Amino acid sequence: MVIVMKPGVSQETIQTLVAQLEQDHGVTVGITNGVGCSILGLVGDTAHIDMDKLSLNDDVERVMRVQEPYKKANRKFHPEDSVADVSGVPIGGGKFTVIAGPCSVESEEQITGVAQDVKKAGASLLRGGAFKPRTSPYSFQGMGSDGLELLLEAKAATGLPIVSEIMAPRYCELFEEKVDLVQVGARNMQNFDLLKEVGRLSKPILLKRGLSNTYEEWIMSAEYIMAAGNENVILCERGVRTFETYTRNTLDLSAIPAIRKMSHLPIVVDPSHAAGMYWMVEPLAMAAVAVGADGLMVEVHNDPPHAKCDGAQSLTPEKFRHLMGKLNPLIELMGKALA
Ligand code: PEP
Ligand code: MN
C-alpha cells in the first residue's frame, strides 16, 4: 500500500503516522521525501488496513493499494492451478468436467431419467435445483428438501455426484449431509453471511458470478469462503448484465483468462443462464472450451416446453448428446480429457 502525503506536511507528523501504522498493523513503512510531498510505502500484510479511514486523515492526499486484497485465492501466493475434488470427480488440472441436469428437480422419473441420459453422454456431475431463487414469489420455488431426496435417488441410480443451490445459512447442515457440490447462486454471491457459513462446510463450493460483479468482487467472495476454512472453491461464469437485452445475460469469456491470471481456482462456464436460449448453448459452450475453461454447467430437461423453470434455455437429452459429440475433439485439442 502506498500513502501520498499532502504537500507541506511536517516530518514530525509523518513520523507520528508511521509509528502508528507500524504499531497498529505490524507493517514496515519506508518514507520517500520528494520535492513537494512525501510518499509512504507500506510493506507487510495490509489486507486489514481500512483505506477509507486513512483517506480521511487531513494530512493524506491519496491512498493506493499495490497488492490485491485477496490472499488465499491469489495466484501470486499459489502459482499452481488448484484442483477441486467433488466426491472423487476432479474439476481443474487437465480435466474437463461437465455438470448437467435440469434447472429444477420436478419428479423422480424426471431427475433419474435426465441423470441417466447426461451420464451416457459424458457428464460427470448431476445438477438440479431444489431451492430455487426466483424473481417472482408466485413462480415455482422448487421442491425443497424433497428435491434433494430425489437427487439422491438419481445419484444412487447413476453414481453421479450431485450439485444443488443453497439459498440460506439455515440449510448448511442439510447440504453438508446430502449434496456433493454446494452451489452459491449469482444472487447470493455477496451474501456474506452465507459465504462465511458455507466456508465451514467440508463440501466443495461452486460460486457463481454475481449479476453485475467485477472479477475482484467475485474473487473476494471466494476469499470469504476460503478464509472461513473451505479452500475447495470452484468459480462459475454465468453471464453478466449489460445493455444488451437480446440474450438473458452476456457471457463474459474474458473472465476465464483473467481469472486464470488472478487466481489459482478452477473456473467453469454456464452457457445456459448466460444465453437464456437453448440454441445458443452449443456455440457458447464450444467457445468456453476454446478459451480454457475447466468445465461446463449445462441445463438439460426431458421436456423443455413443460419445464417448471428455465425451459427456454434447456437442452433436450438428444441435443446434449450432440453438444458432447462436438465438444469432445475440442477438449482433446485443448490438451484435456473429460473427467
Ligand atoms: C441455476 O443455476 O439454476 C441458477 C439459478 O443460476 P444463477 O445463480 O447463475 O442465476
Ligand atoms: Mn436455471
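Reply: Buried means under 20% relative accessible area, exposed means over 50%, and partly exposed lies in between. At 32% relative accessibility, Phe192 therefore counts as partly exposed. The model is a predicted one.

Tyr224 falls into the partly exposed class too, because its relative accessible area is 31%. Phe192 and Tyr224 form a ring pair with centres 4.7 Å apart. Their planes meet at 25°, so the pair is stacked. Phe192 sits in helix H6 (residues 192–198), and Tyr224 in helix H7 (residues 215–227).

In total, the structure holds three aromatic pairs. Another of them joins Phe131 and Phe175. Here the ring centres are 5.8 Å apart and the planes stand at 45°, so this pair is tilted. Phe131 counts as buried because its relative accessibility is 11%. Phe175 is buried as well, at 0%. Ring pairs tie Phe131, Tyr171 and Phe175 into a cluster.

Now the metal site. Cys103 (SG), His273 (NE2), Glu299 (OE) and Asp310 (OD) coordinate the manganese ion (ligand 2), at 2.0 to 2.4 Å. The donor spacing in sequence reads C-x169-H-x25-E-x10-D. His273 is in helix H9 (residues 271–275) and Glu299 in strand S14 (residues 295–299), so to speak of this pair is to speak of distant parts of the chain, 26 residues apart. His273 and Glu299 are both buried.

Met64 gives a further point of reference. It is in strand S4 (residues 60–64). Its relative accessibility is 27%, so Met64 counts as partly exposed. Beyond neighbours within four places in sequence, Met64 is in contact with Met1, Val2, Val4 and Met51.

Last, the whole chain. It has 11 helices and 15 strands. Buried residues make up 52% of its 339 residues. Of the contacts with a separation of 6 or more, 69% are between residues 24 or more positions apart. The C-alpha trace spans about 75 × 45 × 40 Å along its principal axes.

Key
Residues are numbered from 1 along each chain as its sequence is written. Chains are lettered from A and ligands numbered from 1 in the order in which they are written. This is a predicted model: local features need pLDDT of at least 70, side-chain atom pairs count only at pLDDT 80 or more; totals for chains, interfaces and linings use all residues. Side-chain values use heavy atoms; hydrogens and water are left out. Donors are N, O and S atoms within 2.8 Å of the metal (3.2 Å for Na, K and Ca); water is not among the atoms, so sites may look incomplete. Helices (H or I, at least four residues) and strands (E, at least two) are DSSP runs, numbered from the N terminus. Buried means under 20% relative accessible area, exposed over 50%, partly exposed in between (1.4 Å probe, protein chains only). Contact means heavy atoms within 4.5 Å. Rings of Phe, Tyr and Trp (its six-membered ring) pair if their centres lie within 6.5 Å; planes under 30 degrees apart count as stacked, over 60 as edge-to-face and the rest as tilted.
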